Amino acid sequence: MSALTLHYDVPGDDFTRAGEASSDIKNKLKQMGISPDVIRNVAIATYEGEINMVIHANGGTIDAAIDAESITLTIKDTGGGIPDVELAMQEGYTTAQEHIRALGFGAGMGLPNMKKYTDEFNITSEVGKGTEVIMKVYLSK
Amino acid sequence: MKIKDLVKSTGFEVVNEGDFDREVSGVYCCDLLSWVMGRAPADSAWLTVMGNMNAVAVSVLADISVIVFAENSAVDPTAIAKAAEQGVSLLKTNKPAFEAGLLINELLS
Ligand SMILES: Nc1ncnc2c1ncn2[C@@H]1O[C@H](COP(=O)(O)OP(=O)(O)OP(=O)(O)O)[C@@H](O)[C@H]1O
Ligand SMILES: [Mg+2]
């Protein structure tokens, strides 16, 4: 059972608001007295997922569930999906267009960062249906 | 070293004053946001020319201490507004990122 759940709708293509959900999750975790290292890991993983939905999937949803052991992050969209997930997971792989790269995105590091900064990482994607990333960060190592 | 002491020692221009008592304990140079997200150490000074609001968001989420815009690069008014709202310190210098980073590193060691 979860002690706390948070839900966010992330609008697509709105760079002015991108990161708001991640910032809010970060602030809520701070208020709960969660350790800074754990919060940082969650913030990095959530932001990368949030920004991916803004850039690549026309928005989606983020759910965070916090219980005594871990924080579970579910990042889900109904965008175009990823044809080759294994390829997308490789550092440096990107399909970001030039105008997106000009903003500083498109290093092809977002998905690798999400895996690196979480204790459990699972991605499923179907072309034409969407993408779902479920991640867990443990509260104590 | 505190941000306020960094400002005093370097003479970098203050674009937005956040918590100037915050500590700086490292330096990181890069303009690709996900690279910074994944590699910049917490509490570092981040040298970049990427003066947009996404850079401000990255610095907040990755616990970066202060952003230093190198080569007098342009900083979007929206980025400054977001930094003011979130209490993020922004500095600016005419030095290239490498030189500014070297200078900060010298002051830290
Ligand atoms: N939610 C998503 N929907 C559709 N495609 C996605 C989604 N997330 C990632 N992708 C695809 O996977 C690729 C790699 O994603 P990743 O986050 O690693 O890098 P990036 O977003 O291209 O660049 P960076 O994150 O470094 O700014 C993307 O370029 C895109 O093709
Ligand atoms: Mg990405």
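This is a predicted model: local features need pLDDT of at least 70, side-chain atom pairs count only at pLDDT 80 or more; totals for chains, interfaces and linings use all residues.
**Close-up 1. Strands E4 and E5 of chain B run parallel.** E4 spans residues 66-69 and E5 spans residues 89-92. Four bridges join the two strands. Within this pairing, Val66(B) stands opposite Ser89(B) of E5(B). Strands of a sheet pair through backbone hydrogen bonds, and the pairing can be parallel or antiparallel.

**Close-up 2. Five strands of chain B form an open sheet.** The strand order is E1-E5-E4-E3-E2. Pairing in this sheet is mixed. Strand E1 (13-16) and strand E2 (26-29) of chain B are the edge strands. Each of these edge strands pairs on one side only. On average, neighbouring strands of the sheet are turned by 25° against each other, with direction ignored.

**Close-up 3. Chain B meets chain A.** Chain B brings 19 residues to the contact, and chain A brings 20 residues. On the chain B side, helix H2 (33-39) and helix H3 (53-61) each supply at least two residues. H3(B) gives the most to this side, with six residues. Sorted by class, the side of chain B that touches chain A holds 12 nonpolar residues. Five polar and two charged residues are also part of that side.

How values were computed
Residues are numbered from 1 along each chain as its sequence is written. Chains are lettered from A and ligands numbered from 1 in the order in which they are written. Two strands pair if DSSP finds at least two bridges between them. Axes are lines fitted to C-alpha atoms, for helices over the stretch in contact, and angles run from 0 to 180 degrees between N-to-C directions. Two residues are in contact if their C-beta atoms, placed from the backbone, lie within 7 Å. Ala, Val, Leu, Ile, Met, Phe, Trp, Tyr, Cys and Pro count as nonpolar, Asp, Glu, Lys and Arg as charged, and the others, Gly among them, as polar.
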